[in-house]
Amino acid sequence: SHSEYGSNSTYSFAPSYRLTNQVKLFASVTTGFKAPTLDELFGPFGANPDLQPQKSLYTSIGAETYILDQSLKFSGQYFIREIEDLIIFSPIGFINRDRQNDQGIELSADWIVNSKFTLGAWYNYLDGELTTLEDGGEVTSDNLIRRPSHSIGFRTAFQPVKSLSVRLNGEYNGERNDLYFNPANGFAAEDVKLDPYLLVNMYADYSLFNERMSLFIDIKNLFDSDFTEVYGYNTIGTTIQAGVTVDF
C-alpha cells in the first residue's frame, strides 16, 4: 500500500490429491506483481505516476510417484506464466505496453540408494516469447535472454565412512541468447550466442573428537569450466574455501 501509487494484492491456490499411496497429483494457481520503482513513478527522466504494476499469473499441474519401497521418487510438472503490462522506456517515457508468456516442463528424480548414498537428477525445458505492440500491430519474438531452453543437473551425497560426508552437484546449461550493446553501432542491441557449459561443485567435511571438531572444504567450479553468464563479463574459475569448525 502506497499513499501516492496505490495498492496491490496477490493470491495463491495449491490443491493436491493422493490418487494412491504411491501417486499424488498437484496443481497451483498463483498471482504476483512487480510494482514500478520510485524512479519510474516520480524520477527526473520519463517518470509516469500513472504506471500500473507488472502483473503475473502462474499456473502448473503435475504428479509425483514413489517406487522401490518409497526410496525412488519421480516428479514432473508443466507450467505457464503470463506477465502483462510490462514496463518499458519509450520516447515519451515509462509506459505499460508489452506482455511476456513463458511455459515449460520440470522433471526430477531422487533415489535413496542406501543409508550411505543418495542420488538425484533434474531436467528443465523452458520456452518464452515477448509480444510487443508496434505501429503495425502486435509483434511476437523469442526473448529468453540468458536463460537456456534446456538445462539438466544432478546431485549426490555419500558417506564412505561415518566421519566423512561428501556432496557433489552439477548442472549443464544449453546455448542461450544475450544482448550486446555495441558502442561502435550507437549502442544498438545486437543478438549474441552464449555457449553451453557444465558447472560442478563439491563439498566435503570430516568430523573428529566425537563430532566436536570438523574439517571442511568447499570447491566451486571443480573442473575450472570456462563459461559466460553475461556477455562481456568474466566469471570465476575454480575457487576453494576450507576451514575448521569447533563445538565447545
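Leaving aside its neighbours within four places in sequence, with which residues is D218 in contact? In this predicted model, local features need pLDDT of at least 70 and side-chain atom pairs count only at pLDDT 80 or more, while totals for chains, interfaces and linings use all residues. Residues are numbered from 1 along each chain as its sequence is written, and side-chain values use heavy atoms, without hydrogens and water. Contact here means heavy atoms within 4.5 Å. Beyond four places in sequence, D218 is in contact with M202, Y203, T239, I240 and Q241. D218 sits in strand β14, residues 213-220. Helices and strands are DSSP runs numbered from the N terminus (helices H or I, at least four residues; strands E, at least two). The relative accessible area of D218 is 17%, so D218 is buried. The classes are buried under 20% relative accessible area, exposed over 50% and partly exposed in between (1.4 Å probe, protein chains only).

Strand pairing was examined next. Two strands pair if DSSP finds at least two bridges between them. β13 and β14 run antiparallel and are joined by seven bridges. Within this pairing, L208 has M213 of β14 as its bridge partner. Four residues lie between the strands of the β13 and β14 hairpin, where F209 takes a positive phi near 55 degrees. N210 is in the loop between β13 (197-208) and β14. Its phi, also positive, is near 55 degrees. N210 counts as exposed because its relative accessibility is 78%. β13 also pairs with strand β10 (residues 164-173), in the antiparallel sense, over ten bridges. Y203 in β13 stands opposite R167.

A positive phi is found elsewhere too. Most residues other than glycine have a negative phi. D85, a residue other than glycine, has a positive phi near 60 degrees. D85 belongs to strand β5, residues 72-90. With a relative accessible area of 26%, D85 is partly exposed.

The largest pocket holds about 400 Å³ of space. Its lining comprises 15 residues, and L130, D142, N143, I145 and L179 are the closest to the pocket centre. On a 1 Å grid over the protein atoms alone, a pocket is an open set of points where a 1.4 Å probe fits, with protein on both sides within 12 Å along at least five of seven lines; lining residues have an atom within 4 Å of a point. Grid points are joined across faces, edges and corners, and the volume is the space filled by probe spheres set on them. At least two lining residues come from each of β8 (137-142), β11 (176-182) and β12 (188-194). β12 gives the most, with four residues. The lining of the largest pocket divides into six nonpolar, four polar and five charged residues. Ala, Val, Leu, Ile, Met, Phe, Trp, Tyr, Cys and Pro count as nonpolar, Asp, Glu, Lys and Arg as charged, and the others, including Gly, as polar.

S149 lies between β8 and β9 (150-161). It is partly exposed, at 32% relative accessible area. Outside four places in sequence, S149 is in contact with N124, Y125, L126 and E175. S149 and R176 are 27 residues apart along the chain, with 7.4 Å between their C-alpha atoms. N48 is in the loop between α1 (38-42) and β4 (54-67). A polar atom of the N48 side chain lies 3.0 Å from the backbone oxygen of F94. Beyond four places in sequence, N48 is in contact with E40, L41, F94 and I95.

Conventions. Polar contact = N/O pair within 3.5 Å; in protein donor to acceptor, adjacent residues only side chain to side chain.
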